[in-house]
Amino acid sequence: MPIATVNGIDINYKLEGDGDETVVLVNGLADDLETWVLQMDDLLAAGYRVLRFDNRGVGQTSAPLGPYTSGMLADDAKALVDELGITGFHMMGVSMGGMIAQEFAIAYGADLKTVTFACTYAAPGPFCSRMFSMWADMAPVNGVPFIMRDVTLWAFTVPFFDDREEELKEFEAGMAELPMSTDAYLAQLNVIQTHETTGRLGSIAVPALVLAGEEDILIPVRLSKRLHAAIPGAEWATTTGGHACIWEHPSAFNRTFLSFVDKHRA
C-alpha cells in the first residue's frame with residue numbers, strides 16, 4: 001500500500017475508484033483503514049473515489065510518542081489530502097474519526113463539499129469520561145486486545161450477540177490480534193478524552209450531517225444530538241444498530257450516508 005511522508009510521519013493510505021468526487025473516510029480509535037471494508041463496495045458503486053488511511057498510531061502509519069489530539073490528527077489528514085492534491089471532497093468520520101472531522105471542518109472547511117460526523121460527540125461529558133478513564137487504567141495491565149473485548153460489548157447490540165455468533169467471533173478474533181502497542185493506544189485514547197469543540201462548532205459552514213446509531217450506548221445518542229444542535233443548519237439522521245452500525249448494519253448505514261452526499265454532488 002502507498003505511504004505518504006507528511007507532517008513529520010509516514011501515513012499509510014488507499015485511494016480507490018475513478019469517480020469525479022472523492023469521499024475521505026476517517027477511522028475511530030484503534031481502527032485501521034480496513035474499518036471501512038463494508039462501506040467500500042457501496043461507495044465505489046455509487047461512483048465515488050474513496051480515500052482511507054491509518055491514523056497516527058495505528059496500522060502501518062507511524063506511531064510517535066503521544067499523547068495525540070483531534071486537532072493533531074486533523075492536521076495529519078490535511079497534510080495527506082494536500083500531498084495527494086485532493087480538494088472539494090466529502091469527509092466522513094466515525095467515533096474518534098468524527099472528532100477529527102470536526103477539527104478538520106473548523107480549520108479547513110474550504111476543502112470540504114460536505115462533512116458527516118457519525119457516532120460521535122463534541123465533548124465526552126461525565127459518562128464517557130468515566131468509561132475512557134477505566135480503559136486507560138486497564139490497558140497497561142491487561143493489554144489492548146482485552147480492552148477491545150470490552151469495547152465489543154458496548155459497540156454491538158444485543159440481537160447481534162443473540163443471532164450472529166459467527167460474525168461476532170470474527171470481530172473478536174480480529175480485535176484480539178490488533179497489532180497496536182499500549183503506548184500507541186493510550187496516545188489515541190487521549191484524543192477522545194480531551195476532544196472539545198462545543199464552542200467552535202458554529203463556524204462550520206459546509207453542509208453537515210450528524211449521524212447516530214439509534215441504539216448507541218458507547219457514545220449515547222443524546223451526545224450526538226448536542227453536537228447536531230451546535231452546528232448551524234446541520235442535518236440529523238439515525239440508522240439501525242448501535243455504535244458499531246457500520247459493521248452490524250452496513251447497508252442501512254451506507255444508504256443513509258449516500259442519500260446525504262448525493263444531494264450535494266456536482
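**Cysteines**

Begin by selecting the cysteine sulfurs: the count of disulfides, taken as pairs of cysteine sulfur atoms within 2.5 Å, comes to zero. A disulfide is a covalent bond between the sulfur atoms of two cysteines. The model is a predicted one, in which local features need pLDDT of at least 70 and side-chain atom pairs count only at pLDDT 80 or more, while totals for chains, interfaces and linings use all residues. Residues are numbered from 1 along each chain as its sequence is written, and side-chain values use heavy atoms, with hydrogens and water left out.

Select C128 and C119. The closest cysteine sulfur to that of C128 is in C119, 12 Å away, which is too far for a bond. C128 has a relative accessible area of 0% and is therefore buried (buried means under 20% relative accessible area, exposed over 50%, partly exposed in between, with a 1.4 Å probe and protein chains only).

Now switch to a cartoon view and colour the strands. Helices (H or I, at least four residues) and strands (E, at least two) are DSSP runs, numbered from the N terminus. An open sheet of eight strands has the order 1-2-4-3-5-6-7-8, with mixed pairing; two strands pair if DSSP finds at least two bridges between them. The edges are strand 1 (3–6) and strand 8 (235–239), each of which has a single partner strand, so one side of each lacks a neighbour in the sheet. On average, neighbouring strands of this sheet are turned by 25 degrees against each other, direction ignored.

Zoom to strand 1. Strand 1 and strand 2 (residues 9–16) run antiparallel and are joined by four bridges. Within this pair, A4 stands opposite I11 in strand 2.

Next select helix 1 (residues 37–45). Helix 1 lies across strand 2, strand 3 (21–26) and strand 4 (48–53), and runs at about 160 degrees to strand 4. Here, contact means heavy atoms within 4.5 Å; axes are lines fitted to C-alpha atoms, for helices over the stretch in contact, and angles run from 0 to 180 degrees between N-to-C directions.

**Pocket and cavity**

On a 1 Å grid over the protein atoms alone, a cavity is a set of points where a 1.4 Å probe fits but cannot get out, and a pocket is an open set with protein on both sides within 12 Å along at least five of seven lines; lining residues have an atom within 4 Å of a point. Grid points are joined across faces, edges and corners, and a volume is the space filled by probe spheres set on the points.

Select D31, D32, G174, M175 and W247, which lie nearest the centre of the largest pocket and belong to its lining of 19 residues. The space in this pocket is about 470 Å³. Helix 7 (165–176) and helix 1 each supply at least two residues of its lining, and helix 7 contributes the largest share, five residues.

Then select L29, D31, S95, V151 and H243. These lie nearest the centre of the largest cavity, which is lined by 21 residues. Its space is about 280 Å³, and the whole structure holds one cavity of 30 Å³ or more. Helix 5 (144–155) is one of the helices that supply at least two residues of this lining, and helix 5 gives the most, with three residues.

**Backbone and loops**

Most residues other than glycine have a negative phi, and most peptide bonds are trans. Select G66 and P67: the peptide bond from G66 to P67 is cis, with omega near 5 degrees. P67 lies in the loop between strand 4 and helix 2 (70–84).

A30, in the loop between strand 3 and helix 1, has a positive phi near 65 degrees. A30 is buried, at 2% relative accessibility.

Return to C119, in the loop between strand 6 (112–118) and helix 4. C119 has a positive phi of about 55 degrees and is buried, with a relative accessible area of 0%.

Finish with P124, also in the loop between strand 6 and helix 4. P124 is buried, at a relative accessible area of 8%. Leaving aside neighbours within four places in sequence, P124 is in contact with S129, F132, I192, Q193, H195 and L223.
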